[in-house]
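Take a look at the model below. We will go through some contacts made by its rings, then turn to its pockets.

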Amino acid sequence: MNLDELDAYGFTLTEPLLTPAQCAEIAGLYDEAGRFRSTVDMERHRFGRGQYRYFRHPFPLPVAELREALYPRLLPIARDWAARLGRPAPWPDDLGAWLELCHEAGQTRPTPILLRYREGDWNALHRDLYGDLVFPLQVVIGLDRPGEDYTGGEFMMVEQRPRAQSRGTATLLPQGRGLVFTTRDRPVRSSRGWSAAPVRHGVSVVRSGLRHTLGLVFHDAA
């Protein structure tokens, strides 16, 4: 994980987090409806086109282990960003303790998500906030091979820059690697110190094939 890149752009790719076999295993869970608490048809809700499913407890072992392992690695960055922006940093050292705070605030629904895109599908620009308690970083992991299993389907981010036009970026997700990115906004230098630059993310149109991704958000939903 390149911290300088995360600081400069609000996102960075990780080292490989899953093997190709693990990617195939997780993608294959999509058709096992009993593993999920809900399914969302994006076109029906005008979120884009495609479908995603929220895992229910207990999570598949790789999903649970990744969430537990990534949280402490992202926590120092979250606290640093909060300090720059003069915001509270309510996140305990332990993910379980943080999720307990979410549950006490009424955010009790698990948020790990498996997304499936077919040819012509896309995801509108959005933020994964889910309630008042928000962890400022999240991770999406590519489960298929760009250029082989699918084409198009770039991960998009649009940053609203202070007193300037918005900046967009597009990233292909290599199979098994994660993209760490800001959930809501990120600190950027301004003439008055640090300002919060709002960021939204989405997925460009999949031109062919089938694209699966695993999304890990570190706060639960109301």
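Arginine 37 lies over the face of tyrosine 54, 4.3 Å from the ring centre. This is a predicted model, and the distance is computed from its coordinates. A second contact of this kind involves arginine 53. Its charged end sits over the ring of tyrosine 30, at 5.0 Å from the centre.

Next come rings facing rings. A pair of aromatic rings is described by the distance of the centres and the angle of the planes. The count here comes to ten aromatic pairs. One of them joins tyrosine 71 and phenylalanine 135.

The cut-off for buried is under 20%.

Tyrosine 71 also pairs with phenylalanine 218. This pair is tilted, with 6.4 Å centre to centre and 45° between the planes. It links distant parts of the chain as well: tyrosine 71 is in helix 3, and phenylalanine 218 is in the segment after strand 15 (211-216), 147 residues apart. Phenylalanine 218 is buried, as is tyrosine 71. Which residues make up the aromatic cluster? Tyr71, Phe135 and Phe218 form one cluster together with Trp91.

Trp91 turns up again at a pocket. It is among the residues nearest the centre of the second largest pocket, along with Arg87, Pro88, Val134 and Arg184. That pocket holds about 170 Å³ of space and is lined by 15 residues. Helix 3 gives the most to this lining, with three residues. By class, the lining has eleven nonpolar, no polar and four charged residues.

Now the largest pocket. About 390 Å³ of space lies in it. Its lining has 28 residues, and Leu115, Asn123, His126, Asp128 and His201 lie nearest the centre. Which strands supply at least two residues each? They are strand 4 (51-55), strand 5 (113-117), strand 6, strand 7, strand 13 (193-203) and strand 15. The lining of the largest pocket divides into 17 nonpolar, seven polar and four charged residues.

Notes
Residues are numbered from 1 along each chain as its sequence is written. This is a predicted model: local features need pLDDT of at least 70, side-chain atom pairs count only at pLDDT 80 or more; totals for chains, interfaces and linings use all residues. Side-chain values use heavy atoms; hydrogens and water are left out. Rings of Phe, Tyr and Trp (its six-membered ring) pair if their centres lie within 6.5 Å; planes under 30 degrees apart count as stacked, over 60 as edge-to-face and the rest as tilted. Helices (H or I, at least four residues) and strands (E, at least two) are DSSP runs, numbered from the N terminus. Buried means under 20% relative accessible area, exposed over 50%, partly exposed in between (1.4 Å probe, protein chains only). A charge sits over a ring if NZ of Lys or CZ of Arg is within 6 Å of the ring centre and within 35 degrees of the ring normal. On a 1 Å grid over the protein atoms alone, a cavity is a set of points where a 1.4 Å probe fits but cannot get out, and a pocket is an open set with protein on both sides within 12 Å along at least five of seven lines; lining residues have an atom within 4 Å of a point. Grid points are joined across faces, edges and corners, and a volume is the space filled by probe spheres set on the points. Ala, Val, Leu, Ile, Met, Phe, Trp, Tyr, Cys and Pro count as nonpolar, Asp, Glu, Lys and Arg as charged, and the others, Gly among them, as polar.
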